[in-house]
Amino acid sequence: MTQTAIPYLFMRGGTSRGPYFNRADLPEDRETLAEVLLAVVGSGHPLNIDGIGGGAAVTTKVAMLSPSDDGWADVDYFFAQVSVEDRLVDFKPTCGNILSGVGPAAVELGLVHPTGDVTDVKIHAVNTGAKVLSKVLTPGGVLTYDGDTEIAGVPGAGAAVALNFMGVVGSSTGAFLPTGNIRDTFDGIEVTCMDVAMPMVIARAADFGLTGYESVAELDANKDFLARMEAIRLQAGAAMGMGDVAKSVTPKFGLLAPARDGGTIATRYFMPWNTHPSMAVTGAQCLASCALTPGSVADGLLERPTQSPADVVLEHASGTIDVLVDYDTSDGFALNSAGLLRTARKLADGCVFVPSRIWEGH
C-alpha cells in the first residue's frame, strides 16, 4: 500500500472546521502525529491543495477524542492547530469552536451514548486541563443537527450546543494575570495580559490609531499595525512566562473599543498573525473577563454590569457573541464559569489518506 487510511469525521464546530479523530486511530508519538496531521491538512500550500484544509487558520484545526481517565469527564479532547503554509503543528492551545463539535462527535464515534432528549457530555480539554460541560440535543435518543439556533459567521441555523466552561482561569500559564500586573506597557502601548480559557494580550484599538470597527480585510492589509502587534505579542509572551512565542499561536491578541451596535463592547481577535473572521469561543471568554475586570484596559470603554451572572455581548467582525459570565468581585475579579451557545454539523465521514511513508498505520 502506498497510502494509510485513517477513519475520521469532518465537522464544523462553531465557526471553525476540521477533522475529528478517535485518538486510538492515530500515531502515539507526537513527532509522527505532527507529520500525519500536516499531511491530512495539506499544510505548506496556501490552498492546502494536497489535503483537506481550507486555506485558513479556522479550517486547519484538528480534534482528537478518546475515553477520559479523568474521574469527572466522559471524553478527552486533544486539539492541534495546524498552520496553513508553514508546516507547523501547535499542540499548546485549545479551540472552543472546534470543541462545539466534540459532544456530537463523541456520540457519532460511540464514545458517549445518548441519555434522553438532551445528552450531557463532560469534556476534559487535554491541552489546557479545562473542564467543559456540553449539552447536546438528542431528541428521542437520536443525535440531531437540526434546530433554530443561529450564530454569527455561519449561514443558516442548527441545533444548539450549550457549553459551560469551568476551571479555565490560568489554564495555560497558571495565573489569571500571568505578568502579575493588571496592565503592562510594551513599545508604548498599554495592554492587559490575561489567561482565561486562552492566554491573551489585550489592548485598546485607539492606542494603535484604529477605531476597532475595521473589517477583517482592512486589518489584514494594515501591515504596519500587524508588525507592531506582533512585536508587542512577543514581548508580552515572554513576560507571561511563555518563553519565545514566535512560532506559537499563543498568546492571542485582542483589541477593544466602545460598542456601537448595542453590545457590551466591540472586539477584534487575532489568530495571531491574521484577523479572526468572527470570534473564538476561548477568546470570547478572556475578552469578556477583561471587560468585567476593574483596572484593565477596558476601563472607560463600557458600563460594567453590576450583578453576576452577566451577559456580556461582544461585537466582532461578523456580528456578536454572548458570553454568560458567572463571577465574584468580593476579592478582585474571580471567574466561576462562562457559558456560550454554539452549533455544529457533521459534513462528511469515512477515511482520510496519508502517504504510508509518513505512517504505516497499524
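I take a residue as buried under 20% relative accessible area, exposed over 50%, and partly exposed in between. The model I examined is predicted.

**Entry 1: Arg183 and its partners**

I looked up Arg183 and found a relative accessibility of 25%, so it counts as partly exposed. Arg183 forms a salt bridge with Asp299, and their closest N and O atoms are 3.6 Å apart. I then located both residues: Asp299 is in the loop between α6 and β14 (310-316), and Arg183 is in the loop between β8 (161-166) and β9 (184-186), so this pair ties together parts 116 residues apart in sequence. Asp299 has 30% relative accessibility and therefore counts as partly exposed.

I recorded another partner of Arg183: Glu190, with closest N and O atoms 2.9 Å apart in the salt bridge. Glu190, at 27% relative accessibility, counts as partly exposed. Which residues are linked with these in a network of salt bridges? I list Arg183, Glu190, Arg204, Asp207, Asp299 and Arg304.

**Entry 2: Other salt bridges**

I noted eleven salt bridges in the structure. I also checked Arg260 and Asp261, whose side chains meet in a salt bridge at 3.8 Å, N to O. Arg260 has a relative accessible area of 53% and is exposed. Asp261 is exposed as well, its relative accessibility being 58%.

**Entry 3: Helix α6**

I compared the length of α6 (residues 281-292) with expectation. At 1.5 Å a residue, its twelve residues should span 16 Å, and the end C-alpha atoms are 17 Å apart, which agrees. Are the residues of α6 buried or exposed? I found Val281, Gln285, Cys290 and Leu292 among the buried ones.

I turned next to the nonpolar side chains. In soluble globular proteins, such side chains tend to be buried together. The largest nonpolar core here has 63 residues, of which Tyr20, Tyr77, Leu256 and Val325 touch the most other members. Helix α6 supplies the largest share of this core, eight residues.

I followed up Tyr20. Which residues are in contact with Tyr20, leaving aside its neighbours within four places in sequence? I recorded Tyr8, Leu9, Met11, Gly13, Ala63, Leu65, Ile98, Gly101, Val102 and Ala105.

Technical notes: Residues numbered from 1 in each chain as written. Predicted model: local features only at pLDDT ≥ 70, side-chain atom pairs only at ≥ 80, totals over all residues. Heavy atoms only, no water. Helix = DSSP H or I, 4+ residues; strand = E, 2+ residues; numbered from the N terminus. Expected span 1.5 Å × (residues − 1). Buried < 20%, exposed > 50% of the residue type's maximum accessible area, 1.4 Å probe, protein only. Core = buried A, V, L, I, M, F, W, Y, C linked by side-chain atoms within 4.5 Å. Contact = heavy atoms within 4.5 Å. Salt bridge = Lys/Arg side-chain N within 4 Å of Asp/Glu carboxyl O.
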